[in-house]
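Colleague: Can you walk me through the surface of this one? I would like to start with how the elements are defined.

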Amino acid sequence: CHFNALQTKILKKASTLLADEKEQKKIDRERTLSERVPPLQLSGLSVQDLQNLCKELHQKIDVVDEERYDIESKVAKNEKEIEDLNHKIFELKGKMKRPALKRVRVSADAMLGALLGAKHKESIDFKANLKTVKKEEEKKEEVTDWRKNVDAMSGMEGRKKMFAGPNA
């Protein structure tokens, strides 16, 4: 309910502001016309005078139309040029090769120093804390007779061994 009252107040205020703005524009237009254009005195003019006045007004209108057309063509030309330049900029951005980022190797001590600040200066031996894992020695199967090898590779199990590779 309170929201609707607020809306109506805002709408009333906006409508009064709009009416005031229209009235101000009308006053400004009349003032500008009175300053720049002298009032026409058509009474007492002959038909020939009225025709001459109309011709003169048409000539002025034509001059203004030509100027407006010239300005429109210049604007259109500039807009086209701006569009072409934007397209060229976009193409050049794509063609420019960005420099490859260099990999920087930083020691663990340097990383800890950066994280913990300048107070941390003692070196920690990370390798002492790591457990060493011995790789299992690969089992090598020795097949002396080629027929045994063919028997071992026959069937689905043999296919799996062949596709998995020698380390399977």
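Modeller: Helices (H or I, at least four residues) and strands (E, at least two) are DSSP runs, numbered from the N terminus. This is a predicted model, where local features need pLDDT of at least 70 and side-chain atom pairs count only at pLDDT 80 or more, while totals for chains, interfaces and linings use all residues. Residues are numbered from 1 along each chain as its sequence is written, and side-chain values use heavy atoms, with hydrogens and water left out.

Colleague: Where is Leu45 found?

Modeller: Leu45 sits in the loop between helix H1 (2-36) and helix H2 (47-95).

Colleague: Why does Leu45 count as partly exposed?

Modeller: Because its relative accessibility is 34%. Buried means under 20% relative accessible area, exposed over 50%, and partly exposed in between (1.4 Å probe, protein chains only).

Colleague: Now charges. Which residues form the negative surface patch?

Modeller: Asp62, Glu66, Glu67 and Asp70 form it. Asp and Glu count as negative, Lys and Arg as positive, and His and the chain ends are not counted. A charge is placed at NZ of Lys, CZ of Arg, CG of Asp or CD of Glu. Asp70 lies in helix H2 and is partly exposed at 43% relative accessibility.

Colleague: How many salt bridges are there?

Modeller: Five, counting a side-chain nitrogen of Lys or Arg within 4 Å of a carboxyl oxygen of Asp or Glu.

Colleague: What does Glu21 form a salt bridge with?

Modeller: Lys25, with the closest N and O atoms 3.9 Å apart. Glu21 is partly exposed at 44%, whereas Lys25 is exposed at 56%.

Colleague: And which residue does Asp28 meet in a salt bridge?

Modeller: Arg31, at 3.1 Å, N to O. Both lie in helix H1, three residues apart. Asp28 has a relative accessible area of 27%.

Colleague: What about Lys80?

Modeller: Lys80 forms a salt bridge with Asp84 (3.7 Å, N to O). They are four residues apart in helix H2, about one turn of the helix.

Notes:
Patches are made of residues with over 30% relative accessible area and no salt bridge: like charges are joined within 9 Å, nonpolar side chains (Val, Leu, Ile, Met, Phe, Trp, Tyr) within 5 Å. Accessible areas come from the Shrake-Rupley method with a 1.4 Å probe; for residues, only the protein chains shown count as cover.
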